[in-house]
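Here are some notes for a colleague who is opening this entry for the first time.

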Amino acid sequence: MTVIEARQVVLSFGETPALRGADLAVAEGELLAIMGPSGSGKSTLLHCLAGILVPESGEIHFDGRRVDRLGESGRSRLRRDEFGFVFQFGQLVPELTAQENVALPLLLNGVRRAAAVAEARAWFGRLGLDGLQERRSGELSGGQAQRVALARGLVARPRVLFADEPTGALDSLTGEHVMDLLVSAARQEGTTVVLVTHEPRVAAYADREVIVRDGKVHSLTAEAIA
Ligand code: ADP
Ligand code: MG
């Protein structure tokens, strides 16, 4: 069953076309890797799917709902209730500690503070971040911030996790560990994972790979690679 889908999505930034009729359907529980050259529209597509950007034309469907027709507040509610999003460079809230950043989605979902903190704390162990709970984002390395952002994306057990280059700042061993976690989120929790990566080694963990080129999505066939 398709859980999230882009149909003929078009979006430009001023004169720069980013998406030129992108089509993509993601199945529930699937781990999908989006590959493609730099500047091809991967991040823009992820932002459209997640309701962060609204396409100029085309449609975004999530679970029978038209995401692109929701207003600002409807889209932010959808993101809070159903999605996790891991930005390319983490984008942690700088005023909050790492642990408060991870607990935030739970608090926004009405989880009591003590339970949210306990749940957040468990993710630090899982991601090899023990001891960093009280640090602020300025006191974390790029790779540490990226893992904190991943914990924040997963903590509320979203229906769909979007992750933009989640292993980009990680050494290869830590990257493998993060991918194992995403695989188990998909396999054990049934989380749909849509990730952007330029690393074939990372994409190899996915159930399926697609390539974005010039703002369109191609399935990974010999024709698309040629
Ligand atoms: P990718 O993630 O594949 O590297 P992006 O989706 O970030 O590509 O970008 C697609 C195109 O849109 C590029 O030409 C990029 O320069 C442009 N672009 C992306 N974001 C912005 C923005 N905020 N303002 C202006 N141009 C943008
Ligand atoms: Mg990008």
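**An enclosed strand**

1. Strand β7 (residues 160-164) has 5 of its 5 residues buried, so it is largely enclosed by the rest of the structure. The cover is on both faces: Val160, Phe162 and Asp164 are buried on one side, and Leu161 and Ala163 are buried on the other. Keep in mind throughout that this is a predicted model.

2. Which strands pair with β7? Strand β6 (residues 83-86) pairs with β7 in the parallel sense, over 4 bridges.

**Other strands**

3. Strand β9 (residues 208-213) takes part in a parallel pairing with strand β3 (residues 31-35), over 4 bridges. To find it in the viewer, look for isoleucine 34, whose bridge partner in β9 is valine 210.

4. β9 also pairs with strand β10 (residues 216-219), this time in the antiparallel sense and over 4 bridges. Valine 212 stands opposite valine 217 of β10. The hairpin of β9 and β10 has 2 residues between the strands, and aspartate 214 in this hairpin takes a positive phi near 50°.

**A helix and its cover**

5. Which residues of helix α3 (residues 98-108) are buried? They are Ala98, Gln99, Asn101, Val102, Ala103, Pro105 and Leu106. What covers them includes two other helices, α4 (113-126) and α5 (142-154). Just after α3 comes glycine 110, with a positive phi of about 85°.

**The ligand**

6. What surrounds ligand 1? The shell consists of Phe13, Thr16, Ala18, Gly36, Ser38, Gly39, Ser40, Gly41, Lys42, Ser43 and Thr44. By class this gives 2 nonpolar, 8 polar and 1 charged residues.

7. Two elements, β2 (16-27) and α1 (42-49), each supply at least two residues of the shell around ligand 1. Of the elements, α1 gives the most, with 3 residues.

**The chain as a whole**

8. The chain contains 8 helices and 10 strands. Its C-alpha trace spans about 50 × 40 × 35 Å along the principal axes. A compact globule of 226 residues would have a radius of gyration near 17 Å, and the chain agrees with this because its own value is 17 Å.

9. How much of the chain is buried? Of the 226 residues, 45% count as buried. Contacts between residues at least 6 apart in sequence can also be split by separation: 68% of them join residues at least 24 apart.

**Confidence**

10. The mean pLDDT of the chain is 95, and 97% of its residues reach 70 or more. The model scores ipTM 0.98 and pTM 0.95. Where pLDDT is low, the predicted coordinates should not be read in detail.

Key
Residues are numbered from 1 along each chain as its sequence is written. Chains are lettered from A and ligands numbered from 1 in the order in which they are written. This is a predicted model: local features need pLDDT of at least 70, side-chain atom pairs count only at pLDDT 80 or more; totals for chains, interfaces and linings use all residues. A residue is near a molecule or strand if its C-beta atom, placed from the backbone, lies within 6 Å of it. Ala, Val, Leu, Ile, Met, Phe, Trp, Tyr, Cys and Pro count as nonpolar, Asp, Glu, Lys and Arg as charged, and the others, Gly among them, as polar. Two strands pair if DSSP finds at least two bridges between them. The radius of gyration is taken over C-alpha atoms; the globule rule is 2.2 Å times the number of residues to the power 0.38. A residue is buried if 20 or more other C-beta atoms lie within 10 Å of its own, exposed if 12 or fewer, and partly exposed in between; C-beta atoms are placed from the backbone. Two residues are in contact if their C-beta atoms, placed from the backbone, lie within 7 Å. pLDDT is the predictor's confidence in each residue, from 0 to 100.
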